[in-house]
Amino acid sequence: MDFWLTKDQQGQFYFEQGEYAKAQASFDSESWQAHSAYLAGDFQSAMALLKGRDDAKSKYLLANVFAYSNQFEQAKALYVELSQNPELSQEMQQNIAVMNAAIEKLKNAPLDKKEGEKVIDDRNMATSEEEASEGTPAELSNEVWLKQVRQDPSKFLRQKFQQEYANEQE
C-alpha cells in the first residue's frame, strides 16, 4: 500500500473500514490520529495528541475524551469554554448538564459495603494538584500514571486497602 497510497490515504482507508487503531498508526495528520484514537477507545493517546490545540473541534474532542475518561470537571470546563461560541452554545449547554449530572451522581453515590466489612469513605479526601506536587518523584510518577488510566483505580485501590486494614484491626 505504501507504493500507491500516502500515509493519510492509508489512514482514511482503515478509518472508513472501522479499523481505528490501524488508522491511528497510519495517519500523518495529528488531528486524524487523535480522532482515530478517540474512536478506538485509546483516550490516553487522544489526550496527548489534542492537548495544546486551540481550534474548537480539537477542544470539543478533548472534552469528550475527558468525559469518557471520567474526568468530568475538566470536560465541563472545556464545554463551558466552547459554549461561548454561539454556533455551539445549545449543544454545549446539553453537555454541561450531562457533566453536572455525572458529577452530582458521583458525589452522591452510595458506598458499596460487603457484609462484615467496614467501609471507609474517602471521597472527601483532598487530592488537589498542589497536594500531589508535594510528594516524592516516585509518588508523582505514580500519580500522573494513575490519572491517565481510563477508569482511575487509585480511589478503588486506596479504599480496598483501607477496608482490608480496618477488617484486620477488628
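Predicted model: local features only at pLDDT ≥ 70, side-chain atom pairs only at ≥ 80, totals over all residues.
**Entry 1. Overall make-up**

I began with the secondary structure of the protein chain, which comes to 10 helices and zero strands. Read from the N terminus on, the elements run α-α-α-α-α-α-α-α-α-α. I then looked up burial: of the 170 residues in the protein chain, 29% are buried. I also looked up contacts between residues at least 6 apart in sequence; 34% of these join residues at least 24 apart.

**Entry 2. Helix α1**

I listed the buried residues of α1 and found Q10, G11, Y14 and F15. They lie on the same side of α1, because they cover an arc of only 140° around the axis. For background, an α-helix has 3.6 residues a turn, so residues three or four places apart point the same way. I asked which helices the buried residues of α1 pack against. They pack against α2 and α3. Just after α1 I noted G18, which takes a positive phi of about 85°.

**Entry 3. Helix α3 and its buried residues**

I moved on to α3, which covers residues 30-40. Its buried residues are Q33, A34, S36, A37 and Y38. I looked up what these pack against and found α1 (7-16), α2 (20-26), α4 (43-50) and α5.

I picked out S36, a residue of helix α3. Is S36 buried or exposed? S36 has a relative accessible area of 0%, under the 20% cut-off, and therefore counts as buried. Leaving out residues up to four places away in sequence, S36 touches F15, Y20, A23, Q24 and F27. F15 is also one of the buried residues of α1.

**Entry 4. The end of α3 and the loop to α4**

After α3 comes G41, with a positive phi near 85°. I next looked up D42, which sits in the loop between α3 and α4. D42 has 27% relative accessibility and so counts as partly exposed. Its contacts, not counting residues up to four places away in sequence, are Q24 and A37. I also checked D42 against Y20: the two are 22 residues apart in sequence, and their C-alpha atoms are 9.6 Å apart in space.

**Entry 5. α3 against α4**

Two packed helices are described by the angle between their axes and the distance between the axes. I looked up both for α3 and α4: the angle is about 155° and the axes are 8 Å apart. An angle over 145° counts as roughly antiparallel, so α3 and α4 are roughly antiparallel to each other. The crossing of α3 past α4 is left-handed. On the α3 side, the contact is made by E30, Q33, A34, A37 and Y38; on the α4 side, by F43, S45, A46, L49 and L50. By class, I have seven nonpolar, two polar and one charged residue in the contact of α3 with α4.

**Entry 6. α3 against α5**

I then took α3 with α5, which covers residues 56-68. The axes come within 11 Å and cross at roughly 25°. That is under 35°, and α3 and α5 are therefore roughly parallel to each other. α3 passes α5 in a left-handed crossing. Which residues meet here? From α3 they are A34, H35 and Y38, and from α5 they are L61, N64, V65 and Y68. The contact of α3 with α5 has five nonpolar, two polar and no charged residues.

N64 counts as buried because its relative accessibility is 12%. Apart from residues up to four places away in sequence, N64 touches Y38 and Y79. Y38 is itself among the buried residues of α3.

**Entry 7. α4 against α5**

Last, I looked up α4 and α5, which pack at an angle of about 150° with their axes 10 Å apart. Their crossing is left-handed. F43, A46, M47 and L50 of α4 make this contact with S58, L61, L62, V65, F66 and Y68 of α5. I noted the classes for the contact of α4 with α5 as nine nonpolar, one polar and no charged residues.

Note on methods: Residues numbered from 1 in each chain as written. Heavy atoms only, no water. Axes fitted to C-alpha atoms, helices over the stretch in contact; angles between N-to-C directions. Helix = DSSP H or I, 4+ residues; strand = E, 2+ residues; numbered from the N terminus. Parallel < 35°, antiparallel > 145°, perpendicular 65-115°, else oblique. Left-handed = near helix turned anticlockwise from the far one by under 90°. Contact = heavy atoms within 4.5 Å. Nonpolar A, V, L, I, M, F, W, Y, C, P; charged D, E, K, R; others polar. Buried < 20%, exposed > 50% of the residue type's maximum accessible area, 1.4 Å probe, protein only. Arc of directions from axis to C-beta.
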